[in-house]
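Let me put the sequence and the model up on the screen, and then I'll talk you through them.

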Amino acid sequence: MTEIKPQDIEAVIESFDSSSWSEMRLKISGLELFLSKDPSARAPEGTHAAARVAPIAAPHADSAPLHSTHATAAPRLKPAPHPVEAKGGASDVPESWIAVRAPNLGTFYRAPKPGAPPYVAVGQRVEPTTEVCLIEVMKLFTSVPAGVAGFVRKVLVEDAELVEFDQPLFLIEPA
């Protein structure tokens, strides 16, 4: 039997919260998880009533508490690339550069598999649909597109590093 840790459940909930899905039902190793962004949705028959009232996590301060069988957070749109915010006033990053941000939390991978060349390198030209990396959470891989045409100027994350939702991953100078 696979051990399911609370942080694994939290990761699934956070991924669902930041996705465009309206509902999700997950059955794994005796655990049944039902998530919905519709406040009037009901857990499927057979789901234990006690699980409906036990809060698991509230990953975002701007969302309603999430429950193990019912999430009431408002739907989120996929984040669009946006200008980098300078911290502390001084920055060597031009204001025109665009940050490609993580669409969900998970492990950041620069290449499609170990030992393979990275999807993109510093100085490489990218198009809005160019795949720049993968983010993996619980064996679910999310392909991250550049979202803008331009040149990769900086990689802000190390390979196999854990990233948070909306964390800047790359800086692109628009063409």
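I'll start with the overall picture, then go to the cores, the aromatic pairs and the salt bridges.

A bit of housekeeping. This is a predicted model, so to speak of local features we need pLDDT of at least 70, side-chain atom pairs count only at pLDDT 80 or more, and totals for chains, interfaces and linings use all residues. Residues are numbered from 1 along each chain as its sequence is written, and side-chain values use heavy atoms, with hydrogens and water left out.

So, the overall picture. The protein chain has two helices and 13 strands; these are DSSP runs, H or I of at least four residues for helices and E of at least two for strands, numbered from the N terminus. Of its 175 residues, 35% count as buried, where buried means under 20% relative accessible area, exposed means over 50%, and partly exposed is in between, with a 1.4 Å probe and protein chains only. Take the contacts, meaning heavy atoms within 4.5 Å, with a separation of 6 or more: 54% of those in the protein chain are between residues 24 or more positions apart.

Now the inside. A nonpolar core here is a set of buried Ala, Val, Leu, Ile, Met, Phe, Trp, Tyr and Cys residues joined through side-chain atoms within 4.5 Å. The largest one has 18 residues, and among those with the most contacts inside it are Phe 108, Cys 133, Leu 169 and Phe 170. Strands S6 (98–101), S9 (131–137) and S13 (168–174) each give two or more residues to this core. Have a look at Cys 133: leaving aside residues up to four places away in sequence, it touches Phe 108, Tyr 109, Tyr 119, Thr 142, Ser 143, Val 144, Leu 169 and Phe 170.

There's a second, separate core of seven residues, including Ile 9, Ile 13, Leu 33 and Leu 35. Ile 9 and Ile 13 are among the buried residues of helix H1, which covers residues 6–18.

On to the aromatics. A ring pair is described by the distance of the centres and the angle of the planes. The rule takes rings of Phe, Tyr and Trp (its six-membered ring) with centres within 6.5 Å; planes under 30 degrees apart are stacked, over 60 edge-to-face, and the rest tilted. That gives two aromatic pairs. Phe 108 and Phe 170 are tilted, at 5.8 Å centre to centre and 50° between the planes. Phe 108 sits in strand S7 (residues 106–109) and Phe 170 in S13, 62 residues apart, and both are buried.

Tyr 109 and Phe 141 make the other pair, also tilted because their planes are at 35°, with centres 6.5 Å apart. Here S7 is linked to strand S10 (residues 140–145). Tyr 109 is partly exposed at 26% relative accessibility, and Phe 141 is partly exposed at 48%.

Last, which charged residues pair up in salt bridges? We call it a salt bridge when a side-chain nitrogen of Lys or Arg is within 4 Å of a carboxyl oxygen of Asp or Glu, and the whole structure has two. One is Arg 125 with Glu 127, at 3.3 Å, N to O. The other is Arg 153 with Glu 173, with the closest N and O atoms 2.7 Å apart; that pair links strand S11 (residues 150–155) to S13. Arg 153 is partly exposed at 29%, and Glu 173 is partly exposed at 28%.

Key: Expected span 1.5 Å × (residues − 1).
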